[in-house]
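Trainee: I'd like to learn how to read a fold, feature by feature. Can you take me through one?

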Amino acid sequence: MILVDALYINSGGGKVLLDYLIQELEKTDKKIYYLLDNRIKDNIQQIKDTNKVLYLPASFNKRHLFYKENKNLFSTVLCFGNLPPNIRLKAKVYTYFHQLLFLKIAGDLSAKQKVLYWLKTKILNHLKKNTDYWLVQTDLVQKQFSKKYKEPLEKILLFPFYEELPLTNVFPRVPQTYVYISNAPPHKNHKLLIEAFEEFYNKYKVGKLFLTVSEDFTDVYNLIVEKQKLKIPIVNLGYVDREKLSEVYQKTEYMIFPSLTESFGLPLIESIEKGCKVIASDLPFTEAVCTPSIKFNPTNKQSIIEALSLSLLNNTKSVSKVENKINQLLELLKH
């Protein structure tokens, strides 16, 4: 029996990947046991009656007790929340690592959050002996993880996977349009992008920027409203489902991606697959997943303005470097 331990996954990109993983696992004939966070009990993919699911609070102690009681039940284990099992098992264990805060603690976190992630890095370092292999999304994370946790590269396997966007009707692409698919925590850098786009638009009187910011991010949401009142062509789409997202990418000329840090950068890959050209931060995470059409310094407003200006002349296509390895991952778990 295969155990999928996703006890620490309940939101964000990790939850999106978990949903896709469960969807694909449920198409196989393998017996699966899912250990899941009870906060997602009412928001989970359909699981067959022949498979088992246990919902628990995301507690270190409850996870430890689960492994202690079931240590001989599984042939293969996939820990999907960055941390290996609390104890060493006889089963083959893979741990999927996709949290950059375990590699470098971001400066915009509160003091409490910084202490919490510092403790988590210590726990990971203690538990690393309990996994046979690590699975990561990019060679950049592979190298950084190896350096920080002193793990050999051959133990850290590249297994990026993602759900490809659905096929939709074909839409005409509108010139001088830009989209940034992301909510607005500070590291996503919306404020600088909005200010840069305002200056770009006032200079050239062309362009339209599409964003997807929820009202939960009050400062950025209100900044968008403020610029709209000034007749700056910024459209806030809010939440978009995957079919709508596919349509948005097809209609838009450029994905602009000013993020300051990413573990993967899925919108870069999705937008290229739908024919967008990419303008992106000149940072290692960008180069790890694609060759963009234009790069800029994401901490410098003038650099973003120059990149937008260059986009009026540039016709270079962007190229993805990432292969979706969901089928290889499913095969890996069978053994």
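Predicted model: local features only at pLDDT ≥ 70, side-chain atom pairs only at ≥ 80, totals over all residues.

Trainee: Let's start with the sheets. What is the strand order in the open sheet of 7 strands?

Mentor: First, the ground rules: helices (H or I, at least four residues) and strands (E, at least two) are DSSP runs, numbered from the N terminus, and two strands pair if DSSP finds at least two bridges between them. Here the order is β3-β2-β1-β4-β5-β6-β7, with parallel pairing. At the edges you'll find β3 (52–56) and β7, each with a single partner strand, so one side of each has no neighbour in the sheet. Ignoring direction, neighbouring strands are turned by 20° against each other on average.

Trainee: Which residues stand opposite each other in that sheet?

Mentor: Take β1 and β2 (residues 32–37): 5 bridges join these parallel strands, and Leu-3 sits opposite Tyr-33 in β2. Between β5 (residues 92–96) and β6 (residues 133–136) there are 3 bridges, again parallel. There, Tyr-94 has Tyr-133 as its bridge partner, and Thr-95 faces Trp-134. Next, β6 is joined to β7 (residues 156–158) by 3 bridges, with Val-136 opposite Leu-158.

Trainee: How do side chains point along a strand, and where do those of β1 go?

Mentor: In a regular strand the side chains alternate between the two faces of the sheet. In β1, Ile-2, Val-4 and Ala-6 point one way, Leu-3 and Asp-5 the other, and all are buried. Buried means under 20% relative accessible area, exposed is over 50%, and partly exposed is in between (1.4 Å probe, protein chains only). With 5 of the 5 residues of β1 (residues 2–6) buried, the strand is largely enclosed by the rest of the structure.

Trainee: What about the open sheet of 6 strands: what is its order?

Mentor: That one reads β10-β9-β8-β11-β12-β14, with parallel pairing. Its edge strands are β10 (234–236) and β14 (294–296), each pairing on one side only. The twist averages 20° from one strand to the next. Out at β10, 3 bridges tie in β9 (residues 208–211), and Phe-210 is opposite Val-235.

Trainee: Now helices. At what angle do α5 and α6 pack?

Mentor: Axes are lines fitted to C-alpha atoms, for helices over the stretch in contact, and angles run from 0 to 180 degrees between N-to-C directions. For α5 (residues 190–204) and α6 (residues 218–229) the angle is about 10°, with the axes 10 Å apart. Angles under 35 degrees count as roughly parallel, over 145 as roughly antiparallel, 65 to 115 as roughly perpendicular and the rest as oblique. So α5 and α6 are roughly parallel. Contact means heavy atoms within 4.5 Å, and the residues making it include Ile-194 and Glu-198 of α5 and Leu-223 and Lys-227 of α6.

Trainee: And how do α3 and α4 cross?

Mentor: The axes of α3 (residues 111–127) and α4 (residues 139–149) come within 11 Å and cross at roughly 85°, so the two are roughly perpendicular. Thr-121, Leu-124 and Asn-125 of α3 meet Phe-145, Lys-148 and Tyr-149 of α4.

Trainee: Is α8 mostly covered or mostly open, and what covers it?

Mentor: Mostly covered: 7 of the 8 residues of α8 (residues 266–273) are buried. The cover includes α7 (242–251), β11 (252–257) and β12 (277–281). Just after α8, Gly-275 takes a positive phi of about 95°.

Trainee: Last one: where is Ser-259, and what does it touch?

Mentor: Ser-259 lies in the loop between β11 and α8, and counts as buried at 0% relative accessibility. Its side chain makes a 2.6 Å polar contact with that of Glu-262. A polar contact is a pair of N or O atoms within 3.5 Å; within protein, one must be able to donate a hydrogen and the other to accept it, and residues adjacent in sequence count only if both atoms are side-chain atoms. Not counting residues up to four places away in sequence, Ser-259 touches residues including Tyr-180, His-187 and Phe-285.

Key: Residues numbered from 1 in each chain as written. Heavy atoms only, no water.
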